[in-house]
Every structure is written in structure tokens, then in C-alpha cells.
Amino acid sequence: MNKRQMYKISAAAMIAMTLLVTSACSGSNSNDNAASGNSSNGANQPANQNANNGAQEAKDPFGPLAEKTEVSIFMNEPDGGPKALDLPDGETVLSNRYTKALSEKLNIEAKFPVVVKGAAGTEKTNLMIASNDITDIILVNYTQYLQMVKSDMVEDLTDVYNEYASPALKEVLQTDEGKALELATIDGKLYGIPSMGTTHNSDPLIWLRKDWLDKLGLKPPTTVDELTPILKAFVEKDPDGNGKKDTAGLATAQGFTGATAAMYGLDPYFDYQKSYVRNWVKGEDGTIQYGSIQPQTKDALAKLRDLYSQGLIPREFAILKVEQATEQVVSGKAGAFFGPWWSGWSPLNDAIKTDPSADWQAYALKDIDGKATAKQETPIGSIAVVKKGFKHPEALVKIINYEYQVTLDDPSKAGGDPYAGLPLPNFHAQPVPIPLWRADSVILDSKGILAASKGEPLPEVAAATAENYKKMGELWAKGIDWLKKNPDSFAEPFSRIVGVKPIIENDIQPIYSEFYGSTKTMERRMTNLDKLEIDAMIKIITGEKPIEYFDEFVTQWKKMGGDQITEEINESMK
């Protein structure tokens with residue numbers, strides 16, 4: 001695999017795994033990475049769909065600006081320095097072949113007057129916004145973005161996007177069916193270039209030891225109800241054959257539910273009842289309501305309470321760390337857990353090293369109506385914006401055109417790869433490090449690799465991506481036994497085929513929140529409401545409180561600010 005392919009794969013894997021710990025992609029808070037906005041509001045149609053594209057003169061997406069232009073850019077440098085970014089000796093995040101290319105090819109001199117490292121970036125960005133003192137180009141989250149638009153701090157990019165965005169950039173920003181652009185479009189105007197969430201990246205599949213199922217004469221489940229006897233058998237019938245009652249039911253960890261599914265979580269029990277906790281859902285009356293307080297949530301908690309009483313989830317699940325749940329799986333003591341398609345990287349790569357005979361398979365469970373559904377990542381991530389009044393706002397579009405083309409598409413169309421023949425740096429080494437991998441890559445890549453393994457025609461993708469399909473296809477064609485004997489080659493082909501297969505076969509339907517945002521009351525009260533919610537769930541599941549306590553929790557949630565937040569959200573949608 002060449003370095004460009006490694007960049008795409010490692011970036012996707014990194015983002016997938018950091019879903020467990022970062023609020024940028026998902027988390028336990030209902031307002032993660034968001035501000036007043038609505039993914040289904042027809043008033044905010046993507047600007048590029050509203051604009052009269054035919055009346056605009058086509059511009060060269062990779063051509064230089066008419067004059068040498070200095071652009072100040074806020075740089076949030078990752079910890080670790082140049083080595084962590086895979087930059088050649090002598091290069092830094094502030095001066096490298098990308099910055100040189102911008103100068104030589106685009107007539108853009110990138111300057112970095114503000115450089116902060118790691119987690120300090122968010123705080124510094126907030127301070128700059130509060131003082132209305134931002135750089136010409138800056139990356140922000142959705143909350144910050146809407147605040148800046150409201151304060152008239154950023155340029156309207158509607159026309160420059162339509163005129164200057166490259167075909168490749170426009171194509172990739174439609175791989176989520178335009179959801180990120182829709183959220184970034186305010187009153188018909190586009191004020192920033194967004195990155196996207198990855199569809200199906202967090203779908204909670206039930207991973208099971210198929211060899212244990214076969215040994216015990218059990219069939220794979222299709223619902224959470226069918227899963228219960230399997231977990232009971234895993235606990236009571238010595239599936240590992242060591243003569244001891246030392247195997248677990250469902251490996252589970254703290255943070256057991258979230259806005260998107262948690263690793264080692266319990267989200268499918270709520271999804272089965274269609275309550276979609278930690279999301280804002282549309283009620284029968286058409287208003288936006290909070291999923292966690294719906295009656296269906298009470299039904300889900302009753303099922304989990306029963307599971308807990310039977311000892312099928314850990315007694316201490318509410319405080320177990322992800323690492324502890326992973327150890328159960330890797331050591332061979334747990335044969336069941338909920339996890340995403342990429343679980344082949346972790347925990348299963350280590351699990352097959354411990355026991356190569358273990359036959360791990362992934363299955364999708366259906367809801368009470370017989371449909372497979374899953375909560376999705378926030379459809380919009382970081383957003384690149386231009387300071388109000390900057391003379392050449394098209395500079396941002398041209399920079400992103402170039403970065404995307406040379407790292408994730410065909411570099412020849414942008415004058416070639418500046419790192420040809422060298423390791424491709426981490427995307428954070430780019431002057432405007434916005435992660436623009438395809439939103440539909442989970443299913444697309446799986447189909448491409450499977451096709452390559454059979455010698456069938458590949459999907460129409462960039463040359464580097466097609467080359468990776470061929471390499472992964474060759475590995476998959478060697479067979480699962482070969483992959484287990486060569487664990488360094490196991491994780492990716494296994495995850496992309498075995499992990500994605502149930503998503504495709506069961507046509508898992510993405511579930512998006514009806515509101516990705518924040519309100520005044522939410523900013524003040526949501527942290528306490530989240531704590532109230534989790535505490536109530538734990539108390540009900542463990543039996544500390546009766547199931548009827550759910551009604552008391554709902555009453556408290558409403559009085560403590562929930563009703564006011566709900567009212568504010570619905571008012572903002574009008």
C-alpha cells in the first residue's frame with residue numbers, strides 16, 4: 001500500500017476510533033459540535049442548489065489569484081511536532097511543500113500569526129471570536145460557525161464556491177447527499193466549506209463468537225430479544241470448553257449510550273424501541289422532542305433491567321472503562337459485544353492473536369417494526385470560513401481544491417503531488433487541515449474491495465483508492481485463515497468485508513437528529529440534564545430504582561430546563 005492509500009485508510013480508522021473519546025464527532029452530550037440548526041429544514045437548501053450556476057462564468061479551480069495575496073491562517077498544531085505529521089526533515093507545519101505550492105501555484109502566501117497546540121485550539125478560537133479578532137481563514141466547529149454568521153464576522157462564500165470549487169470538491173461534498181452543505185447554508189447563503197460525518201461509521205453491530213454459537217447449537221439473532229438466550233448460554237454453558245463458569249455475557253463499558261452509538265454500548269436496546277436516546281426526534285404532532293424522555297425509552301430500560309438481573313451484562317458496567325471491556329474480548333472471556341464495522345482493528349485484531357480459532361462475525365439487529373436502523377454521526381464537522389472583508393475569499397476555495405486534489409483524488413489535475421516518492425504527511429500538515437474524506441466511504445470501500453477480490457470491475461474512484469481496493473482485495477482473497485496467521489494484514493480487509501457486510505445486507509437506515517444545535521437554556525442546563533439522565537438510567541437498570549422512576553425522571557428533566565430547551569428548539573425551527 002503506498003503512502004497516499006495509507007493516509008486515507010489510517011485517517012478513516014483514526015477518526016472511527018477516536019469517536020470513543022472525542023466530542024468533535026460524537027459523544028454523550030446532545031449538543032455535541034452543534035448550534036442552532038436543522039438537518040431537515042427546507043429553508044436551508046444548500047446554496048449551490050439555489051444559485052443560478054448556468055449564469056456564472058466557469059473559473060479555473062487550480063489557477064493562481066490575479067495578484068500575490070497574503071492570507072493569515074489560524075493553525076491548531078497537533079502535539080508531537082513534524083515527526084508526528086510525517087514531514088520530511090527541515091519541514092514544519094508552518095513551512096512545507098504545501099505552503100510552497102500555494103505560493104507557486106496559487107499566488108497565495110500562507111502566514112500563521114496564531115499557532116496553538118492540541119486542545120488549547122478551541123479555547124483560543126472562542127476568545128478570538130468573542131473579541132471579533134480572527135485570522136483571514138480559520139477552522140471552526142458548528143456552534144462557533146453559527147455564532148460568527150449571526151455576528152456578521154464571515155464572508156458569504158455562495159458565489160465563490162459555485163464559481164471556483166473543483167469538480168472533485170463538489171462531488172465529495174455530495175457523498176452525504178448534501179447534508180453538510182445544507183447545515184452550513186443559512187438563509188440560502190453558504191458561509192463556510194464544511195467537512196462531513198461518515199455515514200454508517202458508528203452503526204452498532206452485535207459481534208459474536210460464531211464458533212461458540214455453533215458449539216451450543218444456536219442461531220444468530222435478528223433482534224435484541226433473540227440475543228438474550230444467546231448471552232445466557234454464553235454465561236452458563238461453558239462455550240470455551242475449559243470446564244469453568246468464567247465466560248461473560250455482553251461486554252459493556254461506561255458511556256453505554258450517546259448521541260451516536262457507543263463502543264461496548266447498549267444503544268441497540270433503545271434503537272429497538274425507536275426511542276433514539278440523546279437525539280432530537282420528531283413527535284407524532286410534528287414537533288421536535290427529546291428522544292430520551294419518550295415512553296419507548298422506558299420500555300428499553302425495562303429490557304436492560306431484566307438483562308442486568310440475569311447477570312448478562314457486567315454488574316459494574318456503569319464504571320467499566322473501554323480498556324476493561326476490550327480485555328474481556330481479547331482474553332476470550334466475552335463472546336459478544338456491540339461495536340462498529342471497524343472493530344476488526346480493535347479489539348478483534350488482538351483477539352485473534354490470542355485465539356486464532358475464534359470465529360468473530362458481525363450481525364445487524366432489527367427494531368420492533370422489523371427494520372434495521374442506526375443513529376449517525378453529526379453530519380457536519382469542522383468548517384473553514386473567511387474573515388468578513390477579506391479581498392479574495394476565493395483563496396479559501398482554491399486552497400481546499402488543491403489540498404483535496406493532491407491528497408485524496410488525482411494529483412495530476414492540480415499539478416502533481418508535492419510529496420511524490422515520499423511518505424504523504426498527516427492531513428494536519430496542510431495549511432487548512434479540513435478532513436474531506438467521502439461520507440459514503442464505508443459501503444463504497446467495502447464493495448470495492450470485495451469486487452477486487454473477485455476480479456470484478458471496481459467502482460469509479462480515484463486511482464489511489466482503486467489501487468488500495470486491489471491490494472486489500474488480494475489480501476481478502478487469501479482467505480480468513482491466512483489473515484489470522486498474518487495478523488498485521490488482518491484488521492483492514494476483515495473490518496471492511498465482515499464488518500460492513502451486515503450494514504449492506506440489512507440495508508441499515510441512517511437516523512439523524514432533527515436538531516443539531518444549542519440554545520441559551522441548553523448552554524446553561526444541558527450538562528446537568530445529561531447527568532440526571534444517565535444517573536436515572538443506571539439506577540433503573542441496576543434495580544436501585546423501580547421502572548416507574550422513569551416517569552419521575554421525565555418530570556424532573558422537564559422542570560430543570562428540558563421543557564424550556566424544547567420550546568426554544570421548536571421556536572428556532574419556525
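P347 sits in the loop between β10 (336-339) and α15 (348-354), where helices (H or I, at least four residues) and strands (E, at least two) are DSSP runs numbered from the N terminus. The peptide bond leading from S346 into P347 is cis, with omega near 15 degrees. The model is predicted, so to speak of local features a pLDDT of at least 70 is needed, side-chain atom pairs count only at pLDDT 80 or more, and totals for chains, interfaces and linings use all residues. Residues are numbered from 1 along each chain as its sequence is written, and side-chain values use heavy atoms, with hydrogens and water left out.

Most residues other than glycine have a negative phi, and most peptide bonds are trans. E177, in the loop between α8 (167-172) and α9 (179-184), has a positive phi near 60 degrees without being a glycine. K274, in the loop between α12 (267-273) and β8 (280-282), likewise has a positive phi, of about 65 degrees, and is not a glycine. E177 counts as exposed because its relative accessibility is 66%, whereas K274, at 34%, is partly exposed; buried means under 20% relative accessible area, exposed over 50%, and partly exposed in between (1.4 Å probe, protein chains only).

Turning to the strands, β1 (residues 69-77) is largely enclosed by the rest of the structure, because seven of its nine residues are buried. β1 pairs with β2 (residues 108-117) in the parallel sense over eight bridges; strands pair if DSSP finds at least two bridges between them. Within this pairing, F74 stands opposite V114 of β2.

Helix α22 (residues 520-542) gives the most to the patch, with three residues. K150 belongs to helix α6 (residues 142-150) and, with a relative accessibility of 76%, counts as exposed.

Finally, Q328 lies in helix α14 (residues 322-330) and is partly exposed, with a relative accessible area of 23%. The C-alpha atoms of Q328 and L250 are separated by 9.8 Å, although the two residues are 78 residues apart along the chain.
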